[in-house]
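Biologist: Could we go through this model together, one topic at a time? I'd like to hear the definitions as we go.

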Amino acid sequence: MSLPVVAIVGRPNVGKSTIFNRLAGERIAIVEDKPGITRDRIYSSCEWNGRQFHLIDTGGVEFGEKNEIIEHIRKQAELAIDEADVILFVTDGRQGVTPTDEEIAHWLYRSNKPVILMVNKIDDVKHIENAYEFYQLGFEQVIPVSSIHGTGTGDMLDAVVSLFPEQTDVQYDEDTIRVSLIGRPNVGKSSLVNAILGEERVIVSPTAGTTRDAVDTPFQYDGQSFVLIDTAGIRKRGKVYESVEKYSVIRALRAIERSDVCLIVIDGERGIAEQDKRIAGYAHEAGRAAVFIVNKWDAVEKNEKTMDQFRQKIRDSFQFMHYAPILFVSAKTGKRIQRILPKVEEVAEQHAMRVPTSVLNQVIQDAMVTTPPPSEKGRRFRVQYITQVAVKPPTMVLFVNDPDIAHFSYLRYLENQLRQAFPFHGTPLKIKLRKKV
Ligand code: GDP
Ligand code: GDP
């Protein structure tokens, strides 16, 4: 299921980043100490009254330096219109309506997307009437807010949430493997889609699964049902922001949420970029199974060491995803394309694996005997009991004497022991701690 997306648009200096940080800031709690995960600041997951959604600050998307400011804003609006379920149009209540606001209103109006007009910088109730003139922009919901003080944000969020669409995602069979290709622009995602679907043993279903914002491609391979998520989005071309790197993260977000397995496509010719880590990090955090696909291997000048060196680079750059297998392919020549789907099947199986409690406990008891937990403040961490509570990804609950003295490195050790005992290839493991009562 993909979460609704709310995009913030508006001209510079109206307070877009301030409201973004206020809405996002309270919610981003990075408790896990996972090295290598960088956070993209232009989007955030938020929650209001139990409804979760993604918030995008389109002002954070850079379209290159040559653009006129108005052209820049137009592209941001276009991005918002295409990607968002609800648009939060931010204006400055101290300045009043400006010609640029009118222009933005025009673009938004034509899009038929629901818009909340936020009149910002109303720091004092005395100035609330400043908001009235904004009704002339033609939107029904005009809400005075002070991003700095936080007043009005609750009313604004109520309005935003009330406009979320009904969930219209197509449902697929439990056994169908939902797979997506994610990666930066130009790494070869569309070429890979074509190469995979063009394989002899792949039988593409005549009916595509259509959702509110994506076209999926169901197909069969060796008696197994798959669906390629959001292929239309990958193939869609010609939008001005298509080539914007940060945009690819937003696009990836939705695909990841709807997938079981994410194929993280890396350009073998250009190498690994920061943006690859962001995209991969999101798949990891979302608990999806993952395979690294190093594409364009045909174009790489190589000797017998090149592949191992590249493999090592991936391991170093994506330390948090040490579990994900790596394939070196070429969409252009078709080299090793036939290995992709069997690998997807394998990791999907591991992702859905359930291990009996008795076996898990045996592994953990043995692990604690081999390497006893360190003591902290004179107390020794102990695991009393382990059980698997969920699949996709496999999720373990450890009942322990005291969660507060659990050491990150010791939990990492236990995870590694579990991975040695069971073939959790290609899947993250979630480990939760509970205090034993
Ligand atoms: P952006 O360019 O639209 O992202 O705008 P910023 O978030 O960077 O804000 C521009 C300026 O407006 C900054 O100096 C903010 O401190 C200020 N600002 C933002 N929200 C408010 C508000 O609610 N009240 C007041 N008085 N100033 C604000
Ligand atoms: P996307 O933006 O990730 O969907 O990337 P495309 O599939 O549009 O590919 C971007 C460019 O890389 C195009 O010019 C492709 O022809 C080229 N390309 C894709 N796959 C390969 C490959 O395996 N080898 C080579 N040499 N070029 C490729």
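This is a predicted model: local features need pLDDT of at least 70, side-chain atom pairs count only at pLDDT 80 or more; totals for chains, interfaces and linings use all residues.

Biologist: In what order do the strands of the open sheet with 6 strands come, and how is the pairing described?

Modeller: The order is β2-β3-β1-β4-β5-β6, and the pairing is mixed; strands here are DSSP runs of E of at least two residues, helices are runs of H or I of at least four, and both are numbered from the N terminus. Two strands count as paired if DSSP finds at least two bridges between them. Residues are numbered from 1 along each chain as its sequence is written, and chains are lettered from A and ligands numbered from 1 in the order in which they are written.

Biologist: Back to that sheet, then: which strands stand at the edges?

Modeller: Those are β2 (43-48) and β6 (142-144), each of which has a single partner strand, so one side of each is left without a neighbour in the sheet. From one strand to the next the twist averages 30°, where axes are lines fitted to C-alpha atoms, for helices over the stretch in contact, and angles run from 0 to 180 degrees between N-to-C directions.

Biologist: And β4 with β5, parallel or antiparallel?

Modeller: Strand β4 (residues 86-92) and strand β5 (residues 115-120) run parallel and are joined by 6 bridges. F89 has L117 in β5 standing opposite.

Biologist: Which strands do helices α2 and α3 touch or lie across?

Modeller: Helix α2 lies across β1 (5-9), β3 (51-57) and β4, and runs at about 165° to β1. Helix α3 (residues 99-111) packs on the sheet and touches β1, β4 and β5, with its direction at about 170° to that of β4; contact means that the C-beta atoms of two residues, placed from the backbone, lie within 7 Å.

Biologist: There's a lysine in α2, K75. Buried or exposed?

Modeller: K75, found in helix α2 (residues 69-83), counts as buried because it has 20 C-beta neighbours inside 10 Å. The cut-offs are 20 or more other C-beta atoms within 10 Å of a residue's own for buried, 12 or fewer for exposed, and partly exposed in between, with C-beta atoms placed from the backbone.

Biologist: What about the backbone, where is phi positive at K121 and R336?

Modeller: K121, which is not a glycine, has a positive phi of about 65° and sits in the loop between β5 and β6, where it is buried, with 23 other C-beta atoms within 10 Å. R336, again not a glycine, has a positive phi of about 60° and lies in the loop between β14 (326-328) and α10; R336 counts as partly exposed, with 15 C-beta neighbours inside 10 Å.

Biologist: Which residues does the cis peptide bond join?

Modeller: The cis peptide bond joins K392 and P393, with omega about 0°, and P393 is in the loop between β17 and β18. Those two strands pair in the antiparallel sense over 6 bridges, β18 being residues 395-400, and A390 has T395 in β18 as its bridge partner.

Biologist: What sheet are β17 and β18 in?

Modeller: They belong to an open sheet of 3 strands, ordered β17-β18-β19, with mixed pairing. Its edge strands are β17 (383-390) and β19 (430-435), each of which pairs on one side only, and neighbouring strands are turned by 25° against each other on average, direction ignored.

Biologist: New topic: how is the protein chain divided into domains?

Modeller: There is domain 1 (5-163), domain 2 (177-352) and domain 3 (357-435), with bounds from an automatic or database domain assignment. The C-alpha centres of domain 2 and domain 3 lie 31 Å apart, and their contact takes 14 residues from domain 2 and 11 residues from domain 3. On the side of domain 2 that touches domain 3, α10 supplies the largest share, 4 residues.

Biologist: Last one: what surrounds ligand 1?

Modeller: Ligand 1 is surrounded by 15 residues, the closest being G15, K16, S17, T18 and S147; a residue is near a molecule or strand if its C-beta atom, placed from the backbone, lies within 6 Å of it. Helix α1 (residues 16-25) gives the most to this shell, with 3 residues.
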